[in-house]
Amino acid sequence: MWCCGNAGIKSEGGRLVTFPLSSSCKLKIQLGDITQWFVDGSSDAIVNPADDGMLGGRGADGAIHMAAGPELLAACYEVPEVRRGVRCPTGEARITKGYNLPASHVIHTVGPIYGKSSNLEKELRSAYRNSLRVTKENSILYIAFPAISCGVYRYPHDKAAKISISTVKEFAKEFKEIHFVLYTDDIFKVWLKKAKKML
């Protein structure tokens, strides 16, 4: 590892950058495929940016379901509907096992569709916050997020990065590591730039 300009920040080849979030927790921002991420396969979870039906979809949601295998879809069907066709309303979170994924659990959350809500920031912050709460309640020590709502839901990357980083800071003493695993180089650079300003 080599140190970047900011004290305490470390980088591995520019693709994984570590920030001290607290004395006991690290924030790691990396370029990669979240379906391949894990720490120990027993106390780790990835976050799935699901739709409110939790039955798989496009983008990261579809990739996670494909990698986890049909057992994940079956488990999602078992999650009770809160109203017809809705298992996880926007801003809330649910948990399942990871099945064929290397991570032990999946935290399913629904972010807002940009331009279709008057409470966009509140809903996106709730998606991160409730994901972290569910993770903590299940004694998971390591969690990895994608850029929630930044794909097909079109949330502006800069705004989303600011909300996500400020929200995970609230849980800095609750986990060993919080990761952002970002699939494209442009989103990775936005998160990295924002983290250097905020941390």
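This is a predicted model: local features need pLDDT of at least 70, side-chain atom pairs count only at pLDDT 80 or more; totals for chains, interfaces and linings use all residues.
**Exercise 1.** Carry out the analysis for Met54: which loop holds Met54, and what is its phi?

*Solution.* 
1. Met54 is found in the loop between strand 5 (44–49) and helix 1.
2. Its phi is near 65°, a positive value in a residue other than glycine.
3. With a relative accessible area of 1%, Met54 falls under the 20% cut-off and is therefore buried.

**Exercise 2.** Describe the largest pocket by volume, lining and residue class.

*Solution.* 
1. The volume of the largest pocket is about 590 Å³.
2. Its lining consists of 29 residues, and Pro49, Gly59, Ala60, Asp61 and Gly151 lie nearest the centre.
3. Helix 1 (59–68) and strand 9 (177–182) are the elements that give two or more residues to this lining. The largest share, four residues, comes from helix 1.
4. Sorted by class, the lining has 16 nonpolar, nine polar and four charged residues.

**Exercise 3.** Identify the residues that form a nonpolar surface patch with Leu73, and locate Leu73.

*Solution.* 
1. Leu73 forms the patch together with Leu55 and Tyr77; the accessible area of the three together is about 250 Å².
2. Leu73 lies in helix 2 (residues 70–78).
3. Leu73 is partly exposed, its relative accessible area being 30%.

Technical notes
Residues are numbered from 1 along each chain as its sequence is written. Side-chain values use heavy atoms; hydrogens and water are left out. Patches are made of residues with over 30% relative accessible area and no salt bridge: like charges are joined within 9 Å, nonpolar side chains (Val, Leu, Ile, Met, Phe, Trp, Tyr) within 5 Å. Accessible areas come from the Shrake-Rupley method with a 1.4 Å probe; for residues, only the protein chains shown count as cover. A salt bridge is a side-chain nitrogen of Lys or Arg within 4 Å of a carboxyl oxygen of Asp or Glu. Buried means under 20% relative accessible area, exposed over 50%, partly exposed in between (1.4 Å probe, protein chains only). On a 1 Å grid over the protein atoms alone, a cavity is a set of points where a 1.4 Å probe fits but cannot get out, and a pocket is an open set with protein on both sides within 12 Å along at least five of seven lines; lining residues have an atom within 4 Å of a point. Grid points are joined across faces, edges and corners, and a volume is the space filled by probe spheres set on the points. Ala, Val, Leu, Ile, Met, Phe, Trp, Tyr, Cys and Pro count as nonpolar, Asp, Glu, Lys and Arg as charged, and the others, Gly among them, as polar.
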